[in-house]
Amino acid sequence: MQVLIIGSGYVGLVAAAGFADSGHHVIGVDVDAAKIEKLRKGISPIYEPGLDELLAKYQASGSLSFTQDMSAGIVNADAAFICVGTPQSEDGSADLQYVLAVAAEIGKAMALRAKDAKPLIVVDKSTVPVGTAARVHATIAAQTDRAFEVVSNPEFLREGCAIDDFLFPDRVVVGCRTAFAESVMKGLYEKKLAAAKARNPETGKWFPMDPPSAELTKYAANAMLALRISFINEIANLCETVGADIDFVKAGIGSDHRIGKYFLNPGPGFGGSCFPKDLQALLKAGRENGHPLMTLATTVEANRHQKQVLALKVRKFFGCKPGTPAPLAGKRFALWGLAFKAHTDDIREAMALELIDSLVSQGAEIMVHDFEAMPAVKAKIGDRVKYAADPLSACEGADALIIATEWPQYQQTDLDVVASKLKAKVMFDGRNLFRPEAMKQKGWTYHSIGRLPAQT
Ligand SMILES: NC(=O)c1ccc[n+]([C@@H]2O[C@H](COP(=O)([O-])OP(=O)(O)OC[C@H]3O[C@@H](n4cnc5c(N)ncnc54)[C@H](O)[C@@H]3O)[C@@H](O)[C@H]2O)c1
């Protein structure tokens, strides 16, 4: 099939590479000239494991190409995917300006299609509020009399394992109104569904539904995942106060099949390009429709608190008194991890940025390290912090080590060498990468989230 992917960011690039991998002919589009130039040279503008290889392979074979101009691709396309950003507006709602701008461009370019061409399937893959498929339809219809249908196909990939998620999906949700639209979508996805099922029969599920239900499914999924994180974070905080251990509690509840073990890892609060904005958009939709989403409002509030937890631990340990100006002046910290989670260079709403803000505003000096996200942080906050070439140099002369992102390499670093670089063996581990008992035995003052201090 001929596929047009409009928007070559985290979602668009993975979808483009993923559909090419299923044997489809894909054209990726973006308005960002620098991005397209990089892609044409075989350089991926984002870090996503496995993506570079697929982009190189299918660009070389000719089944994947990139352009700034969608018009050539639209002539023969079976489907055109809208994969542009839907950032948060000032009032919390999803800003649809990019989605609707693309819809208008598609509408104009439709004149290039033959009058008797099969309907173009326009697919909303961006995360969009209920009713967007109808708005996209109206925007295109205002420009053309050529046949098209609008389908909602939300994306559930996780940055860091996006390729695997896309090639072997748990499920594909497709909101469409006609059998023709469903058959085109099925044709695009059937190889992936089969591959996923072959690997795990519980996955590779196909969920056709109406577009509003598909649109809401995406928001509800993110809200449920965020709710689990905020819930376990609150229980972890309570553990610390009452003398319980979150690792035991987590194992105890996660083994109940009604609850399940996933998304029960306590941490320093969630960030990323999706949860924060999608939760706000869903809260807004609830308010507007007379159904305020109370559990969700609390989830967001709990996360706001959680993002302060590491900084509070640091301040408490170093005896910072409220009201003292620059109470951390003269202190220097090593900060491992800047991306909002491991295996990505994405720093949108990353917890580490709030931590930096908080500690620097209190006079601390910070030397940061991340395996992929340092260029993005440098571009955003420049010399507010110092940048270390490797994890160990970040620790040189620091009063403590703080861990904000769960890169597995950090867990594998020799802690004796780390200790030899620090002024003192003090660690604030926001990701629970180490065992409190082992740390105590090695002589560390070790702070983590929700776990009992070592007894021996
Ligand atoms: N990143 C994720 O993990 C993820 C997962 C699921 C869903 N989503 C959703 O997918 C959508 C895209 O997210 P993303 O992270 O890929 O965003 P992104 O910012 O990485 O990429 C968006 C791209 O669209 C391009 N663009 C903007 N206007 C354009 C236009 N008129 N024509 C062509 N290109 C245009 C931008 O230049 C950019 O490269 C969002 O709605 C997001 O919520 C993201």
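Mentor: The axes of helix α9 (residues 211–242) and helix α11 (residues 275–288) come within 9 Å and cross at roughly 115°, where axes are lines fitted to C-alpha atoms, for helices over the stretch in contact, and angles run from 0 to 180 degrees between N-to-C directions. This is a predicted model, in which local features need pLDDT of at least 70 and side-chain atom pairs count only at pLDDT 80 or more, while totals for chains, interfaces and linings use all residues. Residues are numbered from 1 along each chain as its sequence is written. Helices (H or I, at least four residues) and strands (E, at least two) are DSSP runs, numbered from the N terminus.

Given their angle, α9 and α11 are therefore roughly perpendicular to each other; angles under 35 degrees count as roughly parallel, over 145 as roughly antiparallel, 65 to 115 as roughly perpendicular and the rest as oblique. Their crossing is left-handed, a label used if the near helix is turned anticlockwise from the far one by less than a right angle, with right-handed used if clockwise. From α9, the contact takes Tyr219, Asn222, Ala223 and Ala226, and from α11 it takes Phe275, Asp278, Leu279, Ala281 and Leu282, contact being counted if the C-beta atoms of two residues, placed from the backbone, lie within 7 Å. By class, these are 7 nonpolar, 1 polar and 1 charged residues, with Ala, Val, Leu, Ile, Met, Phe, Trp, Tyr, Cys and Pro counted as nonpolar, Asp, Glu, Lys and Arg as charged, and the others, Gly among them, as polar.

Helix α9 also meets helix α10 (residues 246–254), and the axes of α9 and α10 come within 9 Å and cross at roughly 135°. The two helices are therefore oblique to each other, and α9 passes α10 in a right-handed crossing. Here Ile232, Ile235, Ala236 and Cys239 of α9 touch Ile246, Val249 and Lys250 of α10, a contact with 6 nonpolar, no polar and 1 charged residues.

Elsewhere in the chain, α5 and helix α6 (residues 132–141) pack at an angle of about 35°, with their axes 8 Å apart, in a right-handed crossing. The residues that make this contact are Val99, Leu100, Ala103, Ala104, Ile106 and Gly107 of α5, together with Thr132, Arg135, Val136, Thr139 and Ile140 of α6; by class they are 7 nonpolar, 3 polar and 1 charged.

The ligand is surrounded by 26 residues, the closest being Gly7, Gly9, Val11, Ser126 and Thr127, where a residue is near a molecule or strand if its C-beta atom, placed from the backbone, lies within 6 Å of it. The elements giving two or more residues to this shell are α1 (10–21) and α5 (97–109), and the shell as a whole holds 12 nonpolar, 9 polar and 5 charged residues.

Lastly, the domain assignment gives domain 1 (2–209), domain 2 (219–305) and domain 3 (307–447), with bounds that come from an automatic or database domain assignment. The C-alpha centres of domain 2 and domain 3 lie 24 Å apart, and their contact takes 11 residues from domain 2 and 15 residues from domain 3.
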